[in-house]
Amino acid sequence: MTAIMGFGNPVRSDDGVGCYVIDQLRPVFDGTPGVGLFDMGTSAFEVLFKLKGYTRIRIVDAVVNTGETPGTLYKLPAEAIEAAIQEDPMVFLHSLKWDQALSYARKILGDTYPDDIQVYLIAVDDTRLEIGLSEAVRQAGEQVAHVLTKDLEAFHALP
């Protein structure tokens with residue numbers, strides 16, 4: 001089973017790219033057995049308790065202050081993901097980020113915490129109170145949605 005989690009705030013411009021990717025995947029994979037699509041923008045902690053039983057987690061989030069052009073895509077290596085997990089992260093319920101979510105998921109899931117986790121980050125510099133993504137970040141979000149579509153089709157042997 002694969003959980004795809006899109007992080008961000010959709011009313012903070014490019015910060016909402018993770019939610020955008022989930023919206024792009026819904027028409028194809030919503031209701032597909034073994035695939036869970038989770039918008040982490042508004043109900044992050046509720047979603048963490050729903051991860052039990054998933055053997056793979058895919059995360060999409062925005063990243064600011066990288067110094068790179070908006071829309072630059074990063075895929076974190078496994079050791080960077082593991083290094084980001086904290087023992088007891090202090091979070092505010094409306095600003096949960098991907099690494100904090102994984103820290104909590106590890107505690108909640110215990111021995112069933114998946115080994116197969118991938119994180120896709122998209123560089124952004126516009127997080128103003130505004131609905132909609134910049135063109136560069138929208139294109140990067142579509143690129144991640146394409147990569148995840150191919151990943152899901154291959155893993156779940158979908159046509």
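Author: Let's take α1, which lies across β1 (2–6), β2, β3 (56–64) and β5, and runs at about 145 degrees to β2. Helix α4 (residues 98–109) also packs on the sheet, where it touches β3 and β5, and its direction makes about 150 degrees with that of β3. The helices (H or I, at least four residues) and strands (E, at least two) are DSSP runs, numbered from the N terminus. Contact here means heavy atoms within 4.5 Å. Axes are lines fitted to C-alpha atoms, for helices over the stretch in contact, and angles run from 0 to 180 degrees between N-to-C directions.

Some ground rules: this is a predicted model, with local features needing pLDDT of at least 70 and side-chain atom pairs counting only at 80 or more, while totals for chains, interfaces and linings use all residues. Residues are numbered from 1 along each chain as its sequence is written, and side-chain values use heavy atoms, leaving out hydrogens and water. The average pLDDT (the predictor's confidence in each residue, from 0 to 100) is 89 for the protein, and 95% of the residues score at least 70.

Now the helix partner. The axes of α1 (residues 17–29) and α5 come within 9 Å and cross at roughly 45 degrees. They are therefore oblique to each other; angles under 35 degrees would be roughly parallel, over 145 roughly antiparallel, 65 to 115 roughly perpendicular, and the rest count as oblique. On the α1 side, the contact is made by Val 17, Tyr 20, Val 21, Gln 24, Leu 25 and Phe 29. On the α5 side, the residues include Val 137, Gly 141, Ala 145, Leu 148 and Leu 152. By class, the contact has 10 nonpolar, three polar and three charged residues. Helix α5 (residues 135–155) is also where confidence is highest, at a mean of 96, whereas α2 (residues 44–48) is lowest, at 73.

Back to the sheet under discussion: it's open, with five strands in the order β2-β1-β3-β5-β4 and mixed pairing. Two strands pair if DSSP finds at least two bridges between them. At the edges stand β2 (35–39) and β4 (73–75), each with a single partner strand, so one side of each has no neighbour in the sheet. From one strand to the next, the twist averages 15 degrees. Three bridges join β4 to β5 (residues 116–124), and these two run antiparallel.

Methods:
Ala, Val, Leu, Ile, Met, Phe, Trp, Tyr, Cys and Pro count as nonpolar, Asp, Glu, Lys and Arg as charged, and the others, Gly among them, as polar.
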